[in-house]
Amino acid sequence: MQKTLSVVNLRAIRENALKIKKELGERKFFAVVKADAYGHGAAEVAGCIEDIADCFCVAITDEGAALRVAGITKPVLVFTPPLGADDIKRAEFYNLSVTVNSVETAKFCAGLNCHVKVNTGMNRLGCNLSELPKVLERLDPQNIEGVYSHLYMPENLERSKKQLAVFNKAEALVRAKVPDVCAHISASGGFLRGGGFLKDGVRCGILLYGYAPAGFSAYGFKGALKVYARRTQKTEFIGGGVGYAAATENYKTLCSYRLGYADGFRRTVALGEKNLCMDAFIKNGGGDFECVFDNADAYAKRCGTISYEALTSVTRRSEIVYER
């Protein structure tokens, strides 16, 4: 095996899901499995928790279609609004719920099940509150399953309260037309804040995989991913360099491992003795397999990024093995 080896503990993910669902009670649990379940494998993760989750969320229609092909039957919400006829056809064929974010989108999403996205202050996706009545005019109430928004700084209570106030107004407008609509504003951060931010349901992504957004703790949740590199050679050091860098000490032996920045790891964050090559790194000693990633927060800190980016990168060129 020349790929990296990623070991995903499905038991940990399932325990995380059960913990979320228990806290939510009768509210809906939207399990976010976009970006191949944050690098953990969307089909396997969704299959593992389908009896727990009420709905799955993906970023694009192709991800939703892949879940259907894998046998997932629970509702699937696509976050990105349809951008063309192909998206509409896929959503219809695979029975995916689309996001409506504007009057224009509402026009060509006619007949499709949808969640209306409202901009409450993140200014990324969603219609403004003033536009919402016109959006609703274009939609058949029978197709409106949900209304949602997104907290841009869930760690900031005052900012989040302002967004919630706007969202409550949007919810009232939609509920006047669709009384049993599902309203949801919170992702993992809002879930951890709790209270009124839970609404009718919560979209949990990063927390499902054992980590928390900035400003919150994932205490009690378990990380599920470890990545290993395989040793390709053990050689006597003859002087000169260590990969693409000059040696700064006199080694006895060096081990080469098949993992580099093409596998989703940062070239500027050393593994082993020096920086990474595209496909390999060199270490002073080591076994047949070297664990290079077992804590997304720790690795992200070294990289100057966040756990989300780390998780969605490090399984890029990897063989995934699942612990059940």
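Predicted model: local features only at pLDDT ≥ 70, side-chain atom pairs only at ≥ 80, totals over all residues.
Let's start with helix 3, which covers residues 42-49. Which of its residues are buried? They are Ala42, Val45, Ala46, Cys48 and Ile49. Looking down the axis of helix 3, you would find these buried residues within an arc of 160°, so they line one face of the helix. And what covers them? The cover includes helix 1 (10-24), strand 2 (28-32), helix 2 (34-38), strand 3 (55-58) and helix 4 (61-69).

Let me pick out helix 1 from that list. Two packed helices are described by the angle between their axes and the distance between the axes. For helix 1 and helix 3, the axes come within 10 Å and cross at roughly 50°. That makes helix 1 oblique to helix 3, and the crossing is right-handed. If you want to find the meeting point on your screen, look for Leu10, Ile13, Arg14 and Ala17 on helix 1, which meet Glu44, Val45, Cys48 and Ile49 on helix 3. Notice that Val45, Cys48 and Ile49 are also among the buried residues of helix 3.

Next comes helix 4. Its buried residues are Thr61, Gly64, Ala65, Leu67 and Arg68. Around the axis they cover an arc of only 155°, which puts them on the same side of helix 4. Helix 3 and strand 3 are part of the cover here, and so are strand 4 (76-78) and helix 5 (85-93). Just after helix 4 you reach Gly71, with a positive phi of about 100°.

Now for the two single residues. His115 sits in strand 6, residues 114-117. Is His115 buried or exposed? Its relative accessible area is 5%, and because buried means under 20%, His115 counts as buried. Its side chain makes a polar contact of 3.0 Å with the side chain of His184. Beyond its neighbours up to four places away in sequence, His115 touches several residues, including Phe30, Leu77, Val98, Glu145 and Tyr148.

The other residue is Ala106, in helix 6, residues 103-108. With 0% relative accessibility, Ala106 is buried too. Setting aside neighbours within four places in sequence, its contacts are Val100, Val135, Arg138 and Leu139. Where is Tyr211 relative to Ala106? The two are 105 residues apart in sequence, and their C-alpha atoms are 35 Å apart in space.

Methods: Residues numbered from 1 in each chain as written. Heavy atoms only, no water. Helix = DSSP H or I, 4+ residues; strand = E, 2+ residues; numbered from the N terminus. Buried < 20%, exposed > 50% of the residue type's maximum accessible area, 1.4 Å probe, protein only. Polar contact = N/O pair within 3.5 Å; in protein donor to acceptor, adjacent residues only side chain to side chain. Contact = heavy atoms within 4.5 Å. Arc of directions from axis to C-beta. Axes fitted to C-alpha atoms, helices over the stretch in contact; angles between N-to-C directions. Parallel < 35°, antiparallel > 145°, perpendicular 65-115°, else oblique. Left-handed = near helix turned anticlockwise from the far one by under 90°.
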